[in-house]
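Please open the model in your viewer and keep the selection panel at hand. The tour below goes from stop to stop, saying at each what to select and what is there.

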Amino acid sequence: MEYKIAVIKGDGIGPDIVDQALLVLNKIGEKYKHSFKYTEVLAGGAALDATNVPLPQETIDICKASDAVFLGAVGGHKWDVLPGHLRPEKALLGLREELGLFANIRPAIMYKELKDACPLKPEIVGDGMDMVVIRELTGGIYFGERGFKTNEKGDGAYDTMFYSEMEVRRIAIVAFETAMKRAKKLTSVDKANVLESSRLWRKVVLEVAEDYPEVEVKHMYVDNAAMQLVINPKQFDVIVTGNLFGDILSDEASMITGSIGMLPSASLGTTKLGMYEPIHGSAPDIAGQNKANPIATIVSAAMMLRYSFDLEKEADAIEKAVETILANGYRTGDIQTEGGILVGTKEMGQLICDAI
Ligand code: IPM
Ligand code: MG
């Protein structure tokens, strides 16, 4: 089979980590006889420098015509001074919207080899952690009406959190379906004690729950969820929440696993076309220095194989190889602990290819 992949290397460490993931994909292609055809497109800071806009129409068109979009990271201090509509992050938001990617799947799995890198006490995480945050990605305050206005308090700015019932229902269905394939435990996170949009969220989640009687559903306020994640993370299996809360909680959950440099993500819509990227940012301070951890990006490639191409055993092979390399003691700087063998971005990529 031939698969068309739109590749956005992006800014900062983006090119460093994507290059390694593509080597891993090529290795999979060779071993399992698939052909991955890459088309490199611009988005974010790199697009701003080349075309003056963060998300050129050509990029959107090529992404739409592909089987999947694979992205490194966008953004950097250099472009921080630009107004909102020209920021590199706008490219990400634009792609999510243009491609209809409303469901963001962010697994937070602690590799047993990295237990020492977890910032929580060992008795809190026990033998590990395995949860998934399902974040609504094309609605809520990220996409609501915004602007500047002046009222009796003076000049100000506002953003609106709006959710339609349809938007809540479709993400709730993704969450319940995910829960059915796992431990059948779902926590829906909102702020229903204060926000009207959260009360609507809760009502719709309860309605969808009627179709999944086997799933045990809990509702939790977001402030409590943030606290529960650090005092008892193992109570969670699947978390479903809105765009802003999911942005925050997925960073928190990821850090409990030891490093944000380990975690992949998939953004999905109603078709097989998904976008795959690590959940971390572009880390411009270490760009081009062979220091970044490519594992989050490499396991994002595994998610792409699984979700967009239905290549289950190929995805397993990548994940297995990562585990083997970690078990053999190899570490990039962000996950280095005593006794680990420190390697750079390229060496880590090569080791994983060899293990495949
Ligand atoms: C993420 C990022 C993005 C977000 C930024 C870069 C716009 O933090 O994917 O979590 O807030 O969604
Ligand atoms: Mg984020």
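This is a predicted model: local features need pLDDT of at least 70, side-chain atom pairs count only at pLDDT 80 or more; totals for chains, interfaces and linings use all residues.

**Salt bridges**

Select Glu98 and Lys64, which form a salt bridge in which the closest N and O atoms are 3.0 Å apart. This pair links distant parts of the chain, since Glu98 belongs to helix H4 (residues 89-98) and Lys64 to helix H3 (residues 57-64), 34 residues apart. Glu98 is partly exposed, with a relative accessible area of 39%, and Lys64, at 42% relative accessibility, counts as partly exposed too.

Next, select Asp310 together with Lys272, a salt bridge whose closest N and O atoms are 3.2 Å apart. Here the two partners sit in loops, Asp310 in the one between H10 and helix H11 (312-327) and Lys272 in the one between strand S11 (264-268) and strand S12 (274-278), and they are 38 residues apart. Is Asp310 buried or exposed? Asp310 is exposed, because its relative accessible area is 56%, while Lys272 counts as partly exposed at 44% relative accessibility.

From there, go on to Asp316 and Arg306, where the closest N and O atoms of the salt bridge are 2.9 Å apart. Asp316 lies in helix H11 and Arg306 in helix H10, ten residues apart, and the pair again links distant parts of the chain; Asp316 counts as partly exposed, at 35% relative accessibility. To finish this stop, select Glu165, Arg169, Lys203 and Glu207, which are joined into one network by salt bridges that share partners.

**Helix H7**

Now select helix H7 (residues 196-209), in which Ser197 lies. Ser197 is buried, with a relative accessible area of 12%, and, leaving aside its neighbours within four places in sequence, is in contact with Met161 and Tyr163.

Leu200 also lies in helix H7, but is partly exposed, with a relative accessible area of 23%. If you draw a distance from Leu200 to Arg170, 30 residues apart along the chain, the C-alpha atoms are separated by 14 Å.

Colour the chain by its domain assignment, which gives domain 1 (1-107 + 263-356) and domain 2 (119-256). Taken over C-alpha atoms, the centres of domain 1 and domain 2 are separated by 24 Å, and the contact takes 13 residues from domain 1 and 17 residues from domain 2.

Which residues touch the most other members of the largest nonpolar core? Among its 85 residues they are Phe36, Phe70, Phe176, Leu305, Phe309 and Ile352, and the largest share of this core, eight residues, comes from helix H10 (residues 295-307). Because domain 1 and domain 2 both give residues to this core, it lies between them.

Centre the view on Ile352, which, leaving aside neighbours within four places in sequence, is in contact with Val24, Ile295, Ile298, Ala321, Val322 and Ile325. Apart from this core lies another, of 17 residues, among them Val41, Ile60, Leu71 and Leu101.

**Leu263**

Select Leu263, found in the loop between helix H9 (243-256) and S11. Leu263 counts as buried, at 3% relative accessibility, and touches Pro107, Ala108, Ile109, Ser254, Thr257, Pro278, Ile279 and Ala296, not counting residues up to four places away in sequence. The C-alpha atoms of Leu263 and Thr297 are separated by 7.8 Å, although these residues are 34 residues apart along the chain.

**A nonpolar patch**

For the last stop, turn to the surface and select Met227, Val230 and Ile231, which form a nonpolar patch there with about 250 Å² of accessible area together. Val230 is found in helix H8 (residues 222-231) and is partly exposed, with a relative accessible area of 33%.

Note on methods
Residues are numbered from 1 along each chain as its sequence is written. Chains are lettered from A and ligands numbered from 1 in the order in which they are written. Side-chain values use heavy atoms; hydrogens and water are left out. Patches are made of residues with over 30% relative accessible area and no salt bridge: like charges are joined within 9 Å, nonpolar side chains (Val, Leu, Ile, Met, Phe, Trp, Tyr) within 5 Å. Accessible areas come from the Shrake-Rupley method with a 1.4 Å probe; for residues, only the protein chains shown count as cover. A salt bridge is a side-chain nitrogen of Lys or Arg within 4 Å of a carboxyl oxygen of Asp or Glu. Helices (H or I, at least four residues) and strands (E, at least two) are DSSP runs, numbered from the N terminus. Buried means under 20% relative accessible area, exposed over 50%, partly exposed in between (1.4 Å probe, protein chains only). A nonpolar core is a set of buried Ala, Val, Leu, Ile, Met, Phe, Trp, Tyr and Cys residues joined through side-chain atoms within 4.5 Å. Domain bounds come from an automatic or database domain assignment. Contact means heavy atoms within 4.5 Å.
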